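Here is a brief report on one protein chain. Keep the sequence and the 3D view at hand while reading.

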Amino acid sequence: MKTRKQTVQKRRPGGAGGETHQTAGGEVPVLTTQQGTPVSDDQNTLRVGPRGPAALEDFHFREKIFHFDHERIPERVVHARGFGAHGFFENYRPLADITAADLFQRGGEKTPAFVRFSTVAGNKGSADLARDVRGFAVKLYTKQGNWDIVGNNIPVFFIQDAMKFPDLVHAVKQEPDRDFPQAATAHDNFWDFISLMPESMHMIMWAMSDRAIPRSFRFMEGFGVHTYRLVNAAGKSTFVKFHWKPKLGLQSVLWDEAVKINGADPDFHRRDLWNAIQSGSYPEWELGLQLFDEKFADEFEFDVLDATKLIPEEQVPVRRVGRLVLTRCVDNFFAETEQVAFCTNNIVPGVDFSNDPLLQGRNFSYLDTQVKRLGGPNFTHIPVNAPKCPFHHFQQDGHMPMMNPKGRVNYEPNSWGGALGGPRESPEIGFRSFPAEEQGPKVRERSESFADHYSQARQFYISQTQVEQGHIANALIFELSKVERLEIRTRLVSHLPHIDAKLADRVAKGLGFRENIQTIQAAKKPAAHLKPSKALSIIQNGPASFAGRKVGILVTDGTDRKLFDALRKEIEGEGATIEVVAPVVGGVTASDGSLIEAQQKIGGGPSVLYDAVAVIPSGKGCESLLKNTAAKNFVCDAFAHLKFVGYVEAAMALFEKAGIAADLDDGFVPLAKPRGPATFVESCRKLRKWEREKTMTV
Ligand code: HEM
């Protein structure tokens, strides 16, 4: 019998109408329908005569169009825009004293993982650099089932009770009559809701900080947010908060950069992760545990069940217990990233929930939404969602089951005996809930211990450097300036004196308020004694090196080849990468006549896409840049975004033209000097020349 590959037709380059026909042959397999029927012509529908009506019996056309018509599934109601990758979690040493979770029992053991990063508010096609919380969802395929840590890059949340989640999400997403703004909090409905929800003030400080505009998924922290439990084999429970600490340190962009990146490369974050993994520079985080007991929980000044509060690392240090490494991009975005289903209630023996009312609501919500999003109850059969350990149960049928149990028995107890009878429960290794003692009247009531809405907002604010405090103020001014109704702006600002009087003044001034701010009545008087926590600042948790970052090098014809090579060597030696930006993407002819290949033309590679830039034109080449608006913006923005700039003397003419020559500071590093490239890369480790910001009005 001939195989399909052998029954090939002769290649036909063109049809009677000039259409292209590419045909199978050699290694190229034969196109078939979903039923496996070989297809002879994929360009033309079956019709009566070449100019006649279509025939209904054209099963290939009907199947192809039918399938296409059904390609879309509902996007996630929140966190619609996301990007995922595979990797592993490696446990450092046994943690049997605190948890029976199998993945923590042996040092050095690796557990497969899938991670999806996301924004919350925007639609699936929205831009990556929206001011927003980032989802940080981790699925760990352990030997005792899938464990999902469905977290964010911010350790607290807007609301305390899941009852308010639909309202929060309605308020933040596009307004329902006009369907805008997309992926933006800067609108009336969001701030109207927030200004009436004092419990959101701590989260608002985070969301207005640069945490909400990260430079890369690779440079942000992750948090499980809620208090969970770890339970050891003896049944002893320890409370825990989960942290992910990025190996490359924290880094964010500036707001003006974020706005411009969204235009220049709306896929900036996903491209960054894709490129890092594809180039073998695997992103890595350490898993940190904040462990505490009932006694600490009782004595802590806030309720550990309140998701609008964190536990400062100074009070409970973060113990690093393992590392998460992303090593493989998906083969197919839809199959894996779109269909992956994270659920907070996917936990394993040795892990348990707390009574956090937000967490309890989430435990219902994820499964519920996924039945609709993925079209039925069998989404655990999709490979990315299926456990990688053996699993056996009697659940069956529903839409599209891929693995209904074999055999006659689909119930228990049964008397078929042995393997014929199918799986049975295991009192020894089966999941057991921690037997927490619960009692009390059935009520709809928020605990009084949740009433302090401002103290930690204040603590977060005073933990920031002056630069970061300025960014929070500016973000509030920007956001509220987009709010049309004055009373919403005023109401929001009236919360701020509880956080910081100077912040309130600054925002009021920035909005042009003419009257004094009235302070809103607090449910509980904020505490002023909480000390700053260094862990809450981005700038104080930056990287030790420039590794993982990217430099844009602007070149022209005549660029000094030796300098270019020396610069590249220095940057790559640091573990960073370069991208060459040239007047045309075909590259330039260097001083020695060699070709320097370019990855971007100047307009396509604005400086916002890079962590630092070098400007190394030849004298003549620079002259040709003086009328190039993109070249002027390149250096002007690099200056305004506080970047380190390596340059050669010839670039001064461009700096003049861009209006920055008189203001150069030591963030501009001359490259022609001895050790010029090395000095430049050493400076870049600081990421930005923050002092420059003081000389500018933002
Ligand atoms: C601490 C608070 C919260 C965090 C950290 C959080 C985190 C996340 C993350 C990371 C995702 C994206 C999952 C993915 O990548 O597929 C997500 C999706 C979602 N979240 Fe939350 N969320 C929070 C609160 C809530 C609450 C209170 C609810 C509802 C009561 C909720 C409902 C949802 C829903 C319905 C989805 C879409 C899930 C899907 O379609 O797969 N979330 N959340």
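The report covers a pocket, a surface patch and salt bridges in a predicted model.

## Largest pocket

The largest pocket has a volume of about 1400 Å³. Its lining counts 41 residues, and those closest to the centre are Pro387, Phe391, His392, His393 and Gln395. Sorted by class, the lining holds 19 nonpolar, 16 polar and six charged residues.

## Nonpolar surface patch

Phe391 also belongs to a nonpolar patch on the surface, with Met400, Met402 and Met403. Together these residues have about 430 Å² of accessible area.

Met400 sits in the loop between α9 (357-373) and α10 (455-462). Met400 counts as exposed because its relative accessibility is 64%, and the cut-off for exposed is over 50%.

## Salt bridges

The structure holds 39 salt bridges. One of them pairs Glu286 with Arg320, with the closest N and O atoms 2.9 Å apart. This pair links distant parts of the chain: Glu286 lies in strand β8 (residues 284-292) and Arg320 in strand β9 (residues 319-329), 34 residues apart. Glu286 is partly exposed at 21% relative accessibility; Arg320 is partly exposed at 40%.

Glu299 bridges to Lys295, the closest N and O atoms being 3.3 Å apart. Both residues are exposed. They are four residues apart in helix α7 (residues 294-299), so about one helical turn separates them.

Glu691 forms a salt bridge with Lys689, at 3.5 Å between the closest N and O atoms. Glu691 is partly exposed, with a relative accessible area of 46%, whereas Lys689 counts as buried at 14% relative accessibility. Elsewhere, salt bridges with shared partners join Glu90, Lys247, Glu284 and Arg323 into one network.

How values were computed
Residues numbered from 1 in each chain as written. Predicted model: local features only at pLDDT ≥ 70, side-chain atom pairs only at ≥ 80, totals over all residues. Heavy atoms only, no water. Patch = residues over 30% accessible without salt bridge, like charges linked within 9 Å, V, L, I, M, F, W, Y side chains within 5 Å. Areas by Shrake-Rupley, 256 points an atom, 1.4 Å probe, with all protein chains shown as cover. Salt bridge = Lys/Arg side-chain N within 4 Å of Asp/Glu carboxyl O. Helix = DSSP H or I, 4+ residues; strand = E, 2+ residues; numbered from the N terminus. Buried < 20%, exposed > 50% of the residue type's maximum accessible area, 1.4 Å probe, protein only. 1 Å grid on protein atoms, 1.4 Å probe; cavity = no way out; pocket = protein on both sides within 12 Å on 5 of 7 lines; lining within 4 Å. Points joined across faces, edges and corners; volume = space filled by probe spheres on them. Nonpolar A, V, L, I, M, F, W, Y, C, P; charged D, E, K, R; others polar.
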